[in-house]
Amino acid sequence: MSTVSGDKQTAVPQFFAGRRWLLPSAVLNELDPDTDRAGRRPRRTARDWLVDFSCFAVAVALGLVGAEAVADNPHVADDLAHLDQLIGAVACGAVWLRRRWPLGLAVATVPVGIVSDTAGGACMIALFTLAVHRPFRYVAWVGGANIALIPLYFWLRPDPDLPYLASVIIFVLMTAVVVACGMVVRSKRQLMLSFRDRARRAETEARLRAEQAQRLAREAIAREMHDVLAHRLTLLSVHAGALEFRPDAPREEVARAAGVIRESAHEALQDLREIIGVLRAGDQDDTGRPQPTLAALDALVAESREAGMKVVLDTRVTDPAAVPASVGRTAYRIAQEGLTNARKHAPGTEVTVSVEGAPGEGLTVSVRNPAPDGEVTPVPGSGQGLIGLTERATLAGGRLEHGPEADGGFGVRAWLPWG
């Protein structure tokens, strides 16, 4: 429905981006409230000028027909015919005000239509404009008044060529058709605005889901840090407090307490490094099995190939076992998520997994796939996997980028520190 490339383009449908002159000023003002500055009315677009001139031309054409008819009507005096034509000319000129005062113009044309045949076209245009720009309750009152006065009009000015009943029925139907056409136009505009509101709600919900995913991930990290580090830090505090309150303790006890403090601090630092490399508590296997590292990447690719995927693995790391466990686990998860996304969104394509790096240079992991051939059945997905990977890479001190590529494919590229 819309593309997000700025505040204004967010609300305007993609087809009309760069073609704003195709939209009515009223719709454009609703889609983009910034166009209405300092309380001033929105300026007419090129489409508005074309439509307004067309309405004026229709009103004038029907007015000329009405003026000729009233001039030939034996039931109308010459002076009244001239007055009729003058009122009709004023009503045709008032058509240019239909956007500014649609209700006022429609109400004013109700009595005008009774006394002037020449104003008939302008009255229809005013009623149509009211149906487009105002809710149905106003249209019902004004349109009902027009229909109720039609019998009185033909009783005062009978048509010389048509029977009274036929004239009344024809003009009642014409009025109903004008109102119906105006309501159809209004409903189409309301539908466009509802699409705008739906797109805005979808964008807001997506942003809230992403923020919630990040918040939950951070909460998971906080819970794990508390669970893993609380025991170590408690031991540190207890033994440090014992040394503080027993400065005269035997040398052996002091040495033993210092050793416990040193060992606890070392274990706490190790646990902290592991936690920073893990984004979610769920990433750790609750069954107690060892976590996957970079050395397990071959098994992951083999498993994907057995599942029917075409995977090319390009590893330029001399000793995968030398990669730190936390970095290797993050690289493994990035490759795993990239393969999963390729299998869902680009089935049948050849996926390339590249890993390269060295101590001091960092570890680079990339997963890319070309555009799929033909149509691909949409697969439901929350899109939170890539958000979690971005958080994981950031917490590990690295960075991750993902998105479509120039050839229509999709790529995920990450750099992780290896120092």
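When I say helix, I mean a DSSP run of H or I with at least four residues, and a strand is a run of E with at least two, each numbered from the N terminus. With that in mind, residues 105–131 are 85% helix and 0% strand, and the end C-alpha atoms of this span lie 12 Å apart. Residues 49–71 are 100% helix and 0% strand, with end C-alpha atoms 32 Å apart.

A note on sources: this is a predicted model, where local features need pLDDT of at least 70, side-chain atom pairs count only at pLDDT 80 or more, and totals for chains, interfaces and linings use all residues. Residues are numbered from 1 along each chain as its sequence is written, and side-chain values use heavy atoms, with hydrogens and water left out.

Now the pair. Two packed helices are described by the angle and the distance between their axes. Axes here are lines fitted to C-alpha atoms, for helices over the stretch in contact, with angles from 0 to 180 degrees between N-to-C directions. The axes of H5 (residues 102–115) and H6 (residues 120–133) come within 9 Å and cross at roughly 150°. H5 and H6 are therefore roughly antiparallel, a term for angles over 145 degrees.

What does Leu-103 contact, leaving aside its neighbours within four places in sequence? Leu-103, which is in helix H5, has Leu-130, Tyr-138 and Val-142 in contact, meaning heavy atoms within 4.5 Å. Leu-103 is partly exposed at 28% relative accessible area; that class lies between buried, under 20%, and exposed, over 50%, with a 1.4 Å probe and protein chains only.

Conventions. Parallel < 35°, antiparallel > 145°, perpendicular 65-115°, else oblique.
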